[in-house]
Amino acid sequence: MMRTRPLKVALLGCGVVGSEVARIMTTQADDLAARIGAPVELAGIAVRRPGRVRAGVPADLLTTDATALVKRGDLDVVVEVIGGIEPVRTLITTAFEHGASVVSANKALLAADGAALHAKAAEHGVDLYYEAAVAGAIPLLRPLRESLAGDRVNRVLGIVNGTTNFILDRMDGTGAGYSEALDEATALGYAEADPTADVEGFDAAAKAAILAGIAFHTRVTIDDVHREGLTEVTAADIASARKMGCTVKLLAICERTPDGRSVTARVHPAMIPLSHPLASVREAYNAVFVEAEAAGRLMFYGPGAGGAPTASAVLGDLVAACRNKLAGVTGAGESAYTQLPVSPMGDVVTRYHISLDVADKPGVLAQVATVFAEHDVSIDTVRQQSRIQGGDETAVEQAGPRREGGEASLVVVTHRAPDAALSATVGSLRKLDTVRGVASIMRVEGE
Ligand SMILES: NC(=O)C1=CN([C@@H]2O[C@H](COP(=O)(O)OP(=O)(O)OC[C@H]3O[C@@H](n4cnc5c(N)ncnc54)[C@H](OP(=O)(O)O)[C@@H]3O)[C@@H](O)[C@H]2O)C=CC1
Ligand SMILES: N[C@@H](CC=O)C(=O)O
């Protein structure tokens, strides 16, 4: 039977995501009430600039005093879609102290301080949900936390940042420039308030920390995640990937180490074969593979950013939190029950694509191969492109003419090796007189 007294919800933030949450709460109020078992009333909306035009958002609900809003004491749920660490952490904590459950899309905060927030929610007998914080609309955290709770997850690998996928897709597919593609992603509402978080990999690293924590039932913070963004990826890297039958994606990879005693979490650009399902993830879509012992390989795919897709995940959490409020219960809390150490990046074993600028003269290839062998890094393939002296980037493949004193580009692809061994190899290569520079190093994944 439907309860007539409405559940009261406050919205903190009314930007790209918040305005969609407000719109759906208004336009689908009857459906939401039917699914929850009580009507839901939007009690207030905290923003920074109340004068800003917000189509369809009731102006009388706007306030700049978020603190007063969360202290009202009659709220059932607070939806936080402001972003960042402070004042949001304090607002969420205050909401818990005043008896409200919290739904958030804030991966930065959850990856920095998730454990303390979960503890605070438990202390006050309320929920903390954040499905929207990872992979936008894709239901991923709840399946990991609940549906796979009886299985052992060994690996989570995927594309979890829509903005960078959009940029790489545009650069690879249409030849668009980096800045142009980033501007387009920002205009479409995919990028963070500070897009550095996207392109430098902080956003994906925060998501990787959240995923690793839930998948492996341990605590992982953003500081535990090895992070490289895509600002170093060049058009030449993308072209080189194509030559190998690959494309470049910014990946998040969380793994149990083979002995099961520790985990690794990393975010970096990687080459993946065009035949891999992740290679065909376009625009701001995300896709995540979860490998579990009994379930095998699962793939989650869908829109990873944008106002409406993210609002869908927020509203799913809102319905769950409201149902729990009505039933007088809380849902599944933090899933950490053990503390696995996080191994350093040097322990990660994978393949590498290394592009070297070398002197184009006899014996160089042998010298380079010797350095790899000395560090126990096995070479899979080598491709040489001689640069015609005085010319630009005109490349002649392996059999091309060699000019004394000229330069060549050497592309080495290795077999699997520890990251530490690869770093040591590159350090030694840089010391060779015949190696003029290391143009790029990229990991090769997904084979
Ligand atoms: N955009 C996306 O695709 C996705 C975003 N997220 C996450 O959702 C959250 C919101 O993102 P998004 O909607 O894009 O961000 P926006 O920048 O579009 O919106 C932020 C909102 O917060 C308000 N705000 C900022 N500071 C304060 C403050 N101190 N007090 C009250 N209100 C404040 C802003 O007010 P005003 O409008 O007046 O400036 C604005 O309405 C972030 O955590 C983000 O990481 C998660 C998944 C996808
Ligand atoms: N900036 C983020 C938004 C969603 O989390 C992204 O591009 O993925």
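Visitor: What makes Val77, Val79, Ala208, Ala209, Ala212 and Val314 stand out in the largest nonpolar core?

Guide: Of its 135 residues, these six touch the most other members. A nonpolar core here is a set of buried Ala, Val, Leu, Ile, Met, Phe, Trp, Tyr and Cys residues joined through C-beta atoms within 7 Å. Mind you, this is a predicted model: local features need pLDDT of at least 70, side-chain atom pairs count only at pLDDT 80 or more, and totals for chains, interfaces and linings use all residues. Residues are numbered from 1 along each chain as its sequence is written, with chains lettered from A and ligands numbered from 1 in the order in which they are written.

Visitor: Which residues is Val79 in contact with, leaving aside neighbours within four places in sequence?

Guide: Val9, Leu11, Leu12, Val21, Val103, Val314 and Leu318. Contact means C-beta atoms, placed from the backbone, within 7 Å.

Visitor: Why are Ala181, Leu182 and Ala185 of α8 called buried?

Guide: Buried takes 20 or more other C-beta atoms within 10 Å of a residue's own (exposed is 12 or fewer, partly exposed in between; C-beta atoms are placed from the backbone), so all three residues meet that cut-off.

Visitor: How do you know that they sit on the same side of α8?

Guide: Their arc around the axis, taken from the directions to the C-beta atoms, is only 100°, which puts them on the same side. Ser179 and Ala187, on the other side, are exposed.

Key:
Helices (H or I, at least four residues) and strands (E, at least two) are DSSP runs, numbered from the N terminus. Two residues are in contact if their C-beta atoms, placed from the backbone, lie within 7 Å.
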